Each structure stands twice: as structure tokens, then as C-alpha cells.
Amino acid sequence: MPVRYGFPETPVETTTRLRPVRPRQRWRTVAAAACVVLGLGLIGGAATGAWLTGDSSAGTAKSPYTAARAAWHSVPVDTLFPRTLKGRGAGPGGTHRTWNRVAVAADSTCKDGLDPLLLTTLRSVGCERMVRATYTDATRSAVTTVGLVFTEADASGMQALRTRFTEQKLGARKDLMPRTYAPEGTPAASFGNGQRASWTVNPLTEIPVVVLAVSGFADGRAVAEPQPAADAMASGAGTDIAQAGLGHEAKGVADRVERGLRTAVAELTEQPG
């Protein structure tokens, strides 16, 4: 996960023999003063030009798209994926939920983190990087992998992807489910492709990110008929997946990670001062 490399500064000092200072000549003083006046004039002209054209990088905050695209390595892992997520009213019937992080995957390419068909579906927006983490609920009966796909698209590209998902109902297609992240030695160790029960894929439009999540039973039981989170959360849904609240698990974890990302991006785009 986001790794930052710091290189300590190593100042190098050198000492040389000082030369005698010659008496200052008047013509040199006049030339120096002229240079100062000329320099101030150039700086003032540049500042005025930048003010008139609106091209001032020093006084302009980053756009959400610029800040978000770099968030996978500029935002701390505990901010992207908090150790604990609070889901007030996020469970079935408005019950409260708490999710604890059990594993964080190293950042990867989308080819390494997505099934081929979902990768093809997202190809139109490109993939800058992908980060994922896995959570378990307080009872450790459910596990959920949540992911953030940072894309290379602009606002129009993300809007087009969102429209496509909506009109073609791509979010409900079982062949577009996200992959799980199930490292050994964790409560999610048996959470493989066959254990995927409910999922959500949500292309955002305010920032170039696709938020996705997939949930399943922590005991490793296979699921024959996975169900989209929206269907599993629908009123009257009676499947085992719905009754276990796995749709709420996927949607609840995804929503809270998304909110945290939006908050982090908003802080990165604030105007200094």
C-alpha cells in the first residue's frame, strides 16, 4: 500500500581560502542598482500578467481530479482504509455495523486486481492504479474486500462510464464482480471467487475513481447464486445472502471508504491560507 520513500538530506560543506576584498568601485554600484530595478520590473510584469490571465499556479488550488488521481500514493493507508469503519444504521433494518480491517493489499495494476471482463469494461477510462483492503464484521461472520480503481479519465470520461453502467445495468452482472483479497492467516483466508456472495461497482463522476466491493461468508461456504448489493438490500429480499446482510456489508463498507476518500481529496484541494 501507499509507500513513501524519504531520502535524508546530506549537506556537503566545503571551505576555500577567502580572497582579499578590493575597494568597491562606483560604476559597479550603479550597475548593480540598475540590475535590481530591472529585475523588480520583470517580476512585477510577470505577476501582473499572471493576474490578468488567471494563470497563477501558486495561488490556484489543485482540481479534485488532479488531487484524487494521486491519492493512492499521497494519502496514508489508514486514511484510505481506516482500521475500523463505523456503520451507523448500515445493516438490515437500520441496525448498526462495525467493520475491522484484516488485510491491506499492495497497490497493483488493474490487470492484477480485476477479472478480465471487468478490466475490459473499465478500459475506456484507463487505470492509473488499484488499491484494496479486506474487512470483517464485528462477529467475524462476514468478510468484504473493498477496492479503489484510480483512473486516467477526465470528467466526461467518468460520466460516460457512469452512464454506461446505469443504462446497461452493468453493476448487476455477475461476470463483472470484483475479485476478493484473501491472504493466508486472516479471517478472510477462505474468501475466494467461489465464495463471492454480493457486490457493488460504483464509477464516481466528481473524481476519477471507481469504488468496488464484494462480500461473502467468513466460514468459506460456496455461493451458487451471487446477488448484487442493491437486490440483496431490497425490501422483502428473502435469499440467504439478503438475510445474512451481505448486500449491506458490501454497500456499507464501499460507502464509508468512498466518503473517506472524498474527504481526503477535499483537504488536498483546499486553497492554502
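The legends below describe close-up views of a predicted model.

**View 1. Overall content of the predicted chain.** The chain contains ten helices and seven strands, and 40% of its 273 residues count as buried. Its accessible surface comes to about 15,700 Å², with 55% of that area belonging to carbon and sulfur atoms. Among contacts between residues at least 6 apart in sequence, 69% join residues that are at least 24 apart.

View 2. Strand β6, which spans residues 209–217, is mostly covered, and nine of its nine residues are buried. Strand β4 (residues 142–150) runs antiparallel to β6 and is joined to it by nine bridges; within this pairing, Leu148 stands opposite Val211 of β6. Strand β5 (residues 198–203) also pairs with β6 in the antiparallel sense, over six bridges, and here Val201 stands opposite Leu212 of β6.

**View 3. Strand β3 between β2 and β4 in the pairing pattern.** Strand β3 pairs in the antiparallel sense with β2 (residues 97–104) over five bridges, and with β4, again in the antiparallel sense, over eight bridges. Ala103 has Thr134 of β3 as its bridge partner, while Ala133 stands opposite Val146 in β4. Like β6, strand β3 is mostly covered, with eight of its nine residues buried. A hairpin with four residues between the strands is formed by β3 and β4, and in its turn Arg140 has a positive phi of about 60°.

**View 4. The disulfide between Cys110 and Cys127.** The structure holds one disulfide, formed by Cys110 and Cys127, whose sulfur atoms lie 2.0 Å apart. The pair links distant parts of the chain, 17 residues apart: Cys110 belongs to helix α5 (residues 110–113), whereas Cys127 belongs to the loop between α6 (116–121) and β3 (129–137). The torsion about the S-S bond of Cys110 and Cys127 is about 75°, and the disulfide is therefore right-handed. With regard to cover, Cys110 counts as buried because its relative accessibility is 3%, which falls under the 20% limit for that class. Cys127, by contrast, has a relative accessibility of 26% and so counts as partly exposed, a class that lies between the 20% and 50% limits.

**View 5. The largest pocket and the elements that line it.** The largest pocket holds about 480 Å³ of space. Its lining consists of 21 residues, of which Gly171, Thr200, Val201, Asn202 and Ala230 are the closest to the centre of the pocket. At least two residues of the lining come from each of α7 (155–167), β5, α8 (229–232) and α10 (246–268), and the largest share, five residues, is supplied by β5.

Conventions. Residues are numbered from 1 along each chain as its sequence is written. This is a predicted model: local features need pLDDT of at least 70, side-chain atom pairs count only at pLDDT 80 or more; totals for chains, interfaces and linings use all residues. Side-chain values use heavy atoms; hydrogens and water are left out. Buried means under 20% relative accessible area, exposed over 50%, partly exposed in between (1.4 Å probe, protein chains only). Two strands pair if DSSP finds at least two bridges between them. A disulfide is a pair of cysteine sulfur atoms within 2.5 Å. Contact means heavy atoms within 4.5 Å. Accessible areas come from the Shrake-Rupley method with a 1.4 Å probe; for residues, only the protein chains shown count as cover. On a 1 Å grid over the protein atoms alone, a cavity is a set of points where a 1.4 Å probe fits but cannot get out, and a pocket is an open set with protein on both sides within 12 Å along at least five of seven lines; lining residues have an atom within 4 Å of a point. Grid points are joined across faces, edges and corners, and a volume is the space filled by probe spheres set on the points.
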